[in-house]
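Let's walk through this model together, one region at a time. Have a look at the fold first, and then read on.

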Amino acid sequence: MRGPVVVVGDTLLDRDVEGVVNRLCPDSPVPVLDETSAVDRPGGAGLAAVFAAAQGADVVLVTALADDAGGARLSALLAAAGVRVYPLSLSGATPEKIRLRARGRVLLRHDRGGASDEPGQPSDEVLRVLATASAVLVSDYGRGVARQPALRAALAATRAPVVWDPHPRGPAAVPGVHLVTPNESEVRELVPALPGASRLATASRGAQGLRRRWRAGAVAVTLGGDGALLCHAGSTPLVVPTPGSAEGDTCGAGDRFAAAASFALAQGALVSEAVQVAVAEASAYVAGGGVATALPPPEQPSPRVVRAGSSNRGPASGHGVAGPGGERVGVAAVATLLAEVRGAGGTVVATGGCFDLLHAGHVATLQAARQLGDALIVCVNSDTSVAGLKGPDRPVMAEGDRARLLAALSCVDAVLVFDEPTPEAVLSWLRPDVWVKGGDYATGGDDAVGLPEAEVLRRWGGNTVVVPYLDGRSTSDLIARSAGPASDAGGRAQQPAGVAVPVSTTRERTR
């Protein structure tokens with residue numbers, strides 16, 4: 001493949017809540033679900049992108065993310081799945097679909113997020129990646145991404161094979177797509193069926209009508225456990241049956257079908273071959289347990305909210321931190337800040353690091369960064385992330401204390417803690433206008449070498465910069481000097497200037 005598989009569309013946050021039902025509600029005859037577990041995952045175009053990445057494809061997802069906790073969660077989940085997110089801005093809330101389940105059966109689905117809003121304009125980098133794709137999958141969930149004019153123009157112009165997974169509330173496919181993949185109910189909504197017609201006749205008539213209306217190369221109507229029906233121009237429809245039993249949870253089966261077909265086309269398969277591969281993949285997915293087994297649950301949510309003053313190195317929880325600067329730490333605080341600054345047309349600046357021992361070099365960098373815009377958000381590596389980067393003896397201070405100290409600085413507007421080794425997932429959600437690092441990262445050459453986040457910022461047209469750094473300030477050096485101080489002529493330990501001396505909580509016993 002010459003380029004990535006690019007998935008374009010609306011991403012939702014899906015949550016499966018598992019529980020047990022042992023009684024009815026006392027005030028109405030409905031079952032009471034006692035929750036035992038809950039799992040989050042990307043839905044919509046995000047799920048299709050995760051499926052394509054699981055097949056070994058280099059996957060780019062062009063989608064709209066909201067400035068809320070749901071958007072932050074999606075960014076973390078997609079990054080963990082190996083999907084590179086090229087985000088568009090999205091006002092309003094992240095759409096969520098919550099399935100309440102007991103014994104493997106869905107009792108109720110709860111949707112929230114409200115009406116869809118128009119996504120923001122794609123950056124030049126988004127248009128470039130569409131032009132260099134090996135295949136493009138448009139996963140339309142009727143929330144506006146597939147309607148975006150600049151994206152539609154780029155999709156019509158790309159030379160890559162385009163698969164269009166439509167939605168009845170979405171727009172028509174751009175002319176010339178290779179394959180359209182509606183299910184039976186979708187094709188009936190898009191092309192009304194004739195009264196009394198058989199199932200195959202209805203699917204065939206709908207597919208041919210949709211193919212002519214949208215000027216598509218082919219239309220494959222998925223038939224659930226019976227496979228798919230493929231219609232080409234002027235040819236007898238091809239029925240592709242499932243290779244075996246495909247009973248089970250079908251949630252996500254259409255996304256699996258479309259992702260498999262797109263990956264096959266990217267590898268040079270004919271459309272008929274791609275549909276056969278897609279039927280086999282979707283059937284195996286359903287028979288294997290569906291999304292519950294195809295996507296193992298993540299270890300913990302991220303970015304996370306921390307409690308102030310906590311020395312606990314385990315997962316943190318809560319809605320924010322208490323005490324000085326507490327209202328400025330966590331996803332909710334950052335989301336509120338983003339809405340205020342962007343609503344006023346301001347510039348969002350972000351920086352990041354471990355900040356294990358806050359020193360003058362850090363403060364100088366933060367003060368310089370704050371002068372570059374209207375708000376500064378500091379992305380802080382969690383305890384788990386710091387230990388992975390620095391070793392088991394780090395960090396010196398727990399994430400709650402580090403976040404609290406940073407939030408207390410007048411130049412810092414909000415603080416966010418993240419678990420990954422790099423801030424890519426957090427940045428995909430924040431979409432800062434400027435990303436800042438201290439001058440110790442400067443090499444004088446290509447910024448992609450000095451700043452690994454530069455490629456990420458280019459996805460939405462952001463900029464990376466370096467600000468002056470105070471020489472002689474290093475967290476590692478301060479820790480080393482504190483642990484092994486030199487002695488003066490009188491045998492007394494000399495402490496480096498500006499380093500706090502740890503105070504023992506117990507008295508030394510004397511004989």
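Buried here means under 20% relative accessible area, whereas exposed means over 50% and partly exposed lies in between, with a 1.4 Å probe and protein chains only. Helices (H or I, at least four residues) and strands (E, at least two) are DSSP runs, numbered from the N terminus. β16 covers residues 414–418, and five of its five residues are buried, leaving the strand mostly covered.

Before going further, a word on what you are looking at. This is a predicted model, in which local features need a pLDDT of at least 70 and side-chain atom pairs count only at pLDDT 80 or more, while totals for chains, interfaces and linings use all residues. Residues are numbered from 1 along each chain as its sequence is written, and side-chain values use heavy atoms, with hydrogens and water left out.

Now back to β16 and its surroundings. Strand β15 (residues 375–381) pairs with β16 in the parallel sense over five bridges; two strands count as paired if DSSP finds at least two bridges between them. Within this pairing, Val-417 in β16 has Val-380 opposite it. β15 also pairs with β14, again in the parallel sense, over six bridges, and here Gly-352 stands opposite Cys-379 in β15. What is the setting of β14 itself? Six of the six residues of this strand (residues 348–353) are buried, so β14 is largely enclosed by the rest of the structure. Val-348, Ala-350 and Gly-352 point one way from β14, and Val-349, Thr-351 and Gly-353 point the other way.

Stepping back, the protein has 17 helices and 18 strands. Of its 511 residues, 51% are buried. Among contacts with a separation of 6 or more, 70% are between residues 24 or more positions apart, a contact being heavy atoms within 4.5 Å.

On a 1 Å grid over the protein atoms alone, a cavity is a set of points where a 1.4 Å probe fits but cannot get out, and a pocket is an open set with protein on both sides within 12 Å along at least five of seven lines; lining residues have an atom within 4 Å of a point. Grid points are joined across faces, edges and corners, and a volume is the space filled by probe spheres set on the points. The largest pocket has a volume of about 1000 Å³. Its lining comprises 46 residues, with Tyr-141, Asn-183, Thr-250, Gly-252 and Gly-254 lying nearest its centre. Among the elements that give two or more residues to this lining are β2, β3 (31–44), α7 (253–266) and α8 (271–287). By class, 13 of the lining residues are nonpolar, 17 polar and 16 charged, where Ala, Val, Leu, Ile, Met, Phe, Trp, Tyr, Cys and Pro count as nonpolar, Asp, Glu, Lys and Arg as charged, and the others, Gly among them, as polar.

There are also two cavities of 30 Å³ or more. The largest cavity holds about 110 Å³ of space, and of the 14 residues that line this cavity, Asp-10, Ala-64, Leu-90, Pro-95 and Arg-143 are the closest to its centre. The lining has seven nonpolar, four polar and three charged residues.

A few single residues deserve a stop. Leu-24 lies in strand β2 (residues 11–24) and is exposed, with a relative accessible area of 54%. Beyond its neighbours within four places in sequence, Leu-24 is in contact with Val-30, Pro-31 and Val-32. Pro-395 sits in the loop between α12 (383–390) and α13 (399–407), joined to Arg-394 by a cis peptide bond with omega of about 5°.

Two arginines have a positive phi. Arg-215, in the loop between α6 (199–214) and β11 (218–222), has phi near 55° and is exposed, with a relative accessible area of 60%. Arg-431, in the loop between α14 (424–430) and β17 (434–438), has phi near 50°, but is buried at 7%.

Finally, consider confidence. pLDDT is the predictor's confidence in each residue, from 0 to 100. The protein averages 84, and 83% of the residues score at least 70. Residues 299–325 stay under 50, and so do residues 486–511, which are below 50. Where pLDDT is low, the predicted coordinates should not be read in detail.
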